[in-house]
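I opened this entry to work through one fold, element by element. My notes follow the order in which I looked things up.

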Amino acid sequence: MASITRTSLAARISIVIIDDHELILELLGAALGMVNDFNVVGRAQDAEAGIALCAQLRPDVVLLDSLLPGQQGPEAVAAIRAATPLTRVMLISGTINQNSWRSALEGGVRGFLPKSASLSEMAAGIRQIHA
């Protein structure tokens, strides 16, 4: 009888998603949670809650919406990196702004994906920045 194996929790990439749209949080969390080597450990709808969650959970990867109410991507990235320096941050955005992308890279962002990317592209990007 064949058995289905699941990667142990310790070996899975832990992920926090920060986005101000509840639907994005739920759908992205559910979709990434089905990927064998991912473990979505938390979700937050604003930068402040997301930064606190990262400090508490210390995820491997954070998917961060670049346009959040209150604190924008670069400021949130700096706060996440200060709270948990080993966490890798990937910006996700519906729009591409070259200036904010450059400043985000300078601030420690490891990757960028448009929200139009497929799940397989996002998974590949997460694995790439985690490696």
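Which residues are exposed on the other side of α5? I found S120 and Q128 there. I kept in mind throughout that this is a predicted model.

**Helix α5**

I then turned to the buried side of α5. The buried residues are M122, A123, G125, I126 and I129. Seen down the axis of α5, these buried residues fall within an arc of 160°, so they line one face of the helix.

**Overall layout**

I stepped back to the whole chain. I noted five helices and five strands. Along the sequence, the pattern reads β-α-β-α-β-α-β-α-β-α. The protein has 131 residues, and 40% of them count as buried. I looked at contacts with a separation of 6 or more: residues 24 or more positions apart account for 65% of them.

**The sheet**

What is the strand order? I read β2-β1-β3-β4-β5, an open sheet of five strands with parallel pairing. The edge strands are β2 (38-44) and β5 (109-114), and each pairs on one side only. The twist averages 25° from one strand to the next.

I went through the pairings I wanted on record.

- β1 (residues 13-18) pairs with β2 in the parallel sense over six bridges. S14 has N39 in β2 as its bridge partner.
- β3 and β4 run parallel and are joined by five bridges. V61 stands opposite R88 in β4.
- β4 and β5 also pair in the parallel sense, over five bridges. Here I92 stands opposite L113 in β5.

Next came the helices against the sheet. I returned to the β1 and β2 pair, joined over six bridges. Helix α2 (residues 47-57) packs on the sheet and touches β1, β2 and β3 (61-65). The direction of α2 makes about 140° with that of β2. Helix α5 (residues 119-130) packs on the sheet too, touching β1, β2, β3, β4 (88-93) and β5. The direction of α5 makes about 155° with that of β4.

**Strand β4**

Why did I mark β4 as largely enclosed by the rest of the structure? Five of its six residues are buried, so the label holds. L91 is buried, with a relative accessible area of 4%. The cut-off for buried is under 20%. I then located L63 relative to L91. The two are 28 residues apart in sequence and 5.9 Å apart in space, C-alpha to C-alpha.

**Helix α1**

α1 has twelve residues and reaches 16 Å from its first C-alpha to its last, close to the 16 Å expected at 1.5 Å a residue. Which residues of α1 are buried? I listed L25, L28, G29 and L32. Seen down the axis of α1, they fall within an arc of 105°, so they line one face of the helix.

The buried residues of α1 pack against β1, β2, β3, β4 and α5. I then looked at the face turned away from that buried side. I found the exposed residues L23 and L27 there. Both are leucines on an exposed face, and I noted them for the record.

**Confidence**

I left the confidence check for last. The mean pLDDT of the protein is 85, and 85% of its residues reach 70 or more. Which element has the lowest mean pLDDT? I found helix α4 (residues 98-106), with a mean of 68. β1 has the highest, at 96.

I also looked at the start of the chain. pLDDT stays under 50 over residues 1-6. The model has six contacts beyond four places in sequence for that stretch. Where pLDDT is low, the predicted coordinates should not be read in detail.

Notes: Residues numbered from 1 in each chain as written. Predicted model: local features only at pLDDT ≥ 70, side-chain atom pairs only at ≥ 80, totals over all residues. Heavy atoms only, no water. Pairing = 2+ DSSP bridges. Helix = DSSP H or I, 4+ residues; strand = E, 2+ residues; numbered from the N terminus. Axes fitted to C-alpha atoms, helices over the stretch in contact; angles between N-to-C directions. Contact = heavy atoms within 4.5 Å. Buried < 20%, exposed > 50% of the residue type's maximum accessible area, 1.4 Å probe, protein only. Arc of directions from axis to C-beta. pLDDT = per-residue confidence, 0-100. Expected span 1.5 Å × (residues − 1).
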